[in-house]
There are 2 protein chains.
Amino acid sequence: MQTSQRLDQQQATENRRRELLEAADRVVLRDGPEASMNAIAAEAGITKPILYRHFGDKSGLYRALAKRHTDALLDTLRTALDSRTARRDRVEATLDAYLAAIEARPQVYRFLMHPTEDADAEKDFDTRRYSAPLLRRLGEELAKIIAERLDLGPNSEELARVWGHGIVGMMHGAGDWWLAERPCERAQLVAHLADLLWGRLAAAGDIPGGPGF
Amino acid sequence: MQTSQRLDQQQATENRRRELLEAADRVVLRDGPEASMNAIAAEAGITKPILYRHFGDKSGLYRALAKRHTDALLDTLRTALDSRTARRDRVEATLDAYLAAIEARPQVYRFLMHPTEDADAEKDFDTRRYSAPLLRRLGEELAKIIAERLDLGPNSEELARVWGHGIVGMMHGAGDWWLAERPCERAQLVAHLADLLWGRLAAAGDIPGGPGF
DNA sequence: CACTGCGTGTTACCGTAAGTAACAAGCAGG
DNA sequence: CCTGCTTGTTACTTACGGTAACACGCAGTG
């Protein structure tokens, strides 16, 4: 019975882990990224050392938590990108899906954007590994899709990655501002961003009599 | 002699403030955004309470410090945007100026991008006031310039602001990734991003026999 | 049955960082 | 000399991440 016991045990700890993650989730949903380990432990009805046994340290817990949300968001975005419509419609659907997600759960969004405060960064002012993993993943995924589907001529690999991270950055930057200021409807924002990607900036005329651009 | 004394006094404290800011600058340049108040005070040859008397709290000091760098960066970018060349050249010059700046002083850049950890956020999970002030300012400035110079038809105000923040976000996202991974030369990155803004994404053909996009 | 091993849980602690209270010294001007 | 103001200090509090050490419960084994 040793092996089956070990399996039971493994599953039990995995269930526990899931419970803890869900508790952490609730706290983050309430307090945002500055949720403390103490608060999370309290929400789960236990004390800190147990959290540390399960996740090593704070960034371990946060990584686990972020992975769940990131996976979910990526699924949503992929669905939007995979619909069988015109390219512009799909781009708009994807932008809209992202914006809807951050609009629905701003605290989670803030949590995901939080730089990792990584312990492994230590003393090296290395510039690597400082920004939000979510954005990196989104950028890479988008790059892959672009490279798969678009005929970009030579250098397509590099071009696709730049575009992937650039578009994700655009989405993030505009979304962040929009969420804070709410200057217009979501649909308007989506249309404006798609216009930007569709080259309207390059096509626009100078202001008549203006200083030129 | 009372008034002139008061003026002397005012100027003296202002000089002191400048000295302290320069010390803080050196520490941030060395340690990045996690520079501690103790370390900054030590660098300035004094102790914490004096820093607090001058700047109120940490975010006060950080705001003052960020303002200096943001002003400087904005000046650089404005110069690039104001050159008397073709629109595409000016856009590329601006992107390049931004990227050169973050490449030259990554620690300062990390510091500027750091979310404010604002004390005034307190308990309101308000979503406002959480992201880097630098990006907001860049976005607004760019929006102003776009609105001033481009003929965008109706709704131009709103469109310009969306584009401003969107383009800044794109620049930031791509720059951040590029700085971490260094996948190509700066000039390449600039050209690719300009291509994106010039609508090459919309114009590209599907991969022959691929899944479509 | 006593005994060992292991996973779960606790309390109590350390180090560090933000922020503050309270006090000491230099130096104007009555 | 004494009052008031600025500049500086030391020493504290509070909060948080992280850890050590110890206690309980519960399998399986001699």
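**Group meeting talk: a two-chain model**

A:Asp71 and A:Lys67 sit four residues apart in helix α4 of chain A, so about one helical turn separates them. Helices here are DSSP runs of H or I with at least four residues, strands are runs of E with at least two, and both are numbered from the N terminus. The side chains of A:Asp71 and A:Lys67 meet in a salt bridge, 2.7 Å from N to O. By salt bridge I mean a side-chain nitrogen of Lys or Arg within 4 Å of a carboxyl oxygen of Asp or Glu. A:Asp71 is partly exposed, at 27% relative accessibility, and A:Lys67 is partly exposed too, at 47%. On that scale, buried is under 20% relative accessible area, exposed is over 50%, and partly exposed is in between, with a 1.4 Å probe and protein chains only.

Some ground rules before I go on. This is a predicted model: local features need pLDDT of at least 70, side-chain atom pairs count only at pLDDT 80 or more, and totals for chains, interfaces and linings use all residues. Residues are numbered from 1 along each chain as its sequence is written, chains are lettered from A and ligands numbered from 1 in the order in which they are written, and side-chain values use heavy atoms, with hydrogens and water left out.

Now chain A as a whole. What does its secondary structure come to? Chain A has 10 helices and two strands. Read from the N terminus, the order is α-α-α-α-α-α-α-β-α-α-α-β. Of the 213 residues in chain A, 47% are buried. Take the contacts in chain A between residues at least 6 apart in sequence: 60% of them join residues at least 24 apart. A contact is heavy atoms within 4.5 Å.

Back to salt bridges. Over all chains the count is 44. A:Glu19 is partly exposed at 45%, and A:Arg16 is partly exposed at 28%.

B:Asp96 and B:Arg186 form a salt bridge through their side chains, at 2.9 Å from N to O. This pair links distant parts of the chain, with B:Asp96 in helix α5 (residues 87-104) and B:Arg186 in helix α9 (residues 186-197), 90 residues apart. B:Asp96 is partly exposed at 24%, as is B:Arg186 at 25%. Back in chain A, there is a network of salt bridges that links A:Arg26, A:Arg30, A:Asp31 and A:Glu43.

Next, the rings. How many aromatic pairs does the structure hold over all chains? There are two. Rings of Phe, Tyr and Trp (its six-membered ring) pair if their centres lie within 6.5 Å; planes under 30 degrees apart are stacked, over 60 edge-to-face, and the rest tilted. A:Tyr62 and A:Phe111 are edge-to-face, with 4.9 Å between centres and 65° between planes. Their pair links distant parts of the chain: A:Tyr62 is in helix α4 (residues 58-82) and A:Phe111 in helix α6 (residues 106-113), 49 residues apart. A:Tyr62 is buried at 13%, and A:Phe111 is buried at 4%. In chain B, the ring centres of B:Tyr62 and B:Phe111 are 4.9 Å apart and the planes are at 65°, so this pair is edge-to-face. B:Tyr62 and B:Phe111 are both buried.

Two arginines in chain A sit over tryptophan rings. The test is NZ of Lys or CZ of Arg within 6 Å of the ring centre and within 35 degrees of the ring normal. The charged end of A:Arg88 is over the ring of A:Trp198, 5.4 Å from its centre, and A:Arg182 is over the face of A:Trp178, 4.7 Å from the ring centre.

Last, the two chains together. The contact takes 65 residues from chain B and 63 residues from chain A. Of the interface residues of chain B, 97% are also interface residues in chain A, so the copies meet through the same surface. The chains bury about 6200 Å² between them, 64% of it on carbon and sulfur atoms; buried area is the accessible area (1.4 Å probe) that two parts lose on being put together, summed over both. Between chain B and chain A there are six salt bridges. A:Glu181 forms a salt bridge with B:Arg161, at 3.4 Å between the closest N and O atoms.
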